[in-house]
Amino acid sequence: MKEDTLISIAVAVYGVEQYIDTCLKSLINQSYKNIEIIVVNDGSKDGAPEICEKFAAQDHRVKVIHKKNGGLVSARKAGAASAKGDYITFVDGDDWVKENHIESFAKHLRNKTDLVVTGYTRDFLGKRKVLQNHLPPGRYSKKEIYEEIIPKAIFNGLFFQHGISTYLWNKLFKTKKVIEYLDKVNNKIVMGEDSAVTYPYILNSEE
């Protein structure tokens, strides 16, 4: 694990007053401490922005950006553009993560690592389900990415099953690199916006 690696976490916030307290508590309590939490208030009209400012006043690692509403894609772009970490992940304001979430990314980092992908737990109406990617865990070289991951990334042979999930929030990206792909996504896209970043990014990953 590279303890000296600063990892940024971008959190898009809009209409999540009910959830944002739980979300931010789960982030500031991470076992991996060298993080910055960039909260992007995307013009939310509820009490979420005030809650975010409360956390920023209590923890210097939390930074709040207030912007005019532009949608999830624009909020993620704003968060990534402000990131100081070499690596970045994204968390939605109505989600929460386990205390070892960032540590589980960091322990797999090497000098050439472009992307780290983890499994995740879906908690919906009190029903929890642990989900994993449908590809063997491990470290993949560029050659292996092209031969083993890309052919099965979108469809792995099972009905409605991706080889690699599209979500941004269970992945750790190189900040400068992911900004390049985020910037190519139209801010008006509200379905498939994660896929528009994840798959091109994988296609251009070295390891």
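Which residues form one aromatic cluster? In this predicted model, the cluster is made up of Phe90, Phe173, Tyr181 and Tyr201.

The structure holds four aromatic pairs. In one of them, the ring centres of Phe90 and Phe173 are 6.2 Å apart and the ring planes stand at 65°, so this pair is edge-to-face. Phe90 belongs to strand E4 (residues 87-92) and Phe173 to strand E8 (residues 171-174), so the pair ties together parts that lie 83 residues apart in sequence. Phe90 is buried, at a relative accessible area of 1%, and Phe173 is buried as well, at 0%.

Another pair is formed by Tyr167 and Trp169. Their ring centres are 4.4 Å apart and their planes are at 15°, so the two rings are stacked. Tyr167 is partly exposed, with a relative accessible area of 25%.

Helix H6 spans residues 175-182 and helix H7 spans residues 195-203; their axes come within 9 Å and cross at roughly 125°. Because of that angle, H6 is oblique to H7. The crossing is right-handed. On the H6 side the contact involves Lys177, Val178, Tyr181 and Leu182, which meet Val197, Pro200 and Tyr201 in H7. Of the residues in this contact, six are nonpolar, one is charged and none is polar.

How values were computed
Residues are numbered from 1 along each chain as its sequence is written. This is a predicted model: local features need pLDDT of at least 70, side-chain atom pairs count only at pLDDT 80 or more; totals for chains, interfaces and linings use all residues. Side-chain values use heavy atoms; hydrogens and water are left out. Axes are lines fitted to C-alpha atoms, for helices over the stretch in contact, and angles run from 0 to 180 degrees between N-to-C directions. Helices (H or I, at least four residues) and strands (E, at least two) are DSSP runs, numbered from the N terminus. Angles under 35 degrees count as roughly parallel, over 145 as roughly antiparallel, 65 to 115 as roughly perpendicular and the rest as oblique. A crossing is left-handed if the near helix is turned anticlockwise from the far one by less than a right angle, and right-handed if clockwise. Contact means heavy atoms within 4.5 Å. Ala, Val, Leu, Ile, Met, Phe, Trp, Tyr, Cys and Pro count as nonpolar, Asp, Glu, Lys and Arg as charged, and the others, Gly among them, as polar. Rings of Phe, Tyr and Trp (its six-membered ring) pair if their centres lie within 6.5 Å; planes under 30 degrees apart count as stacked, over 60 as edge-to-face and the rest as tilted. Buried means under 20% relative accessible area, exposed over 50%, partly exposed in between (1.4 Å probe, protein chains only).
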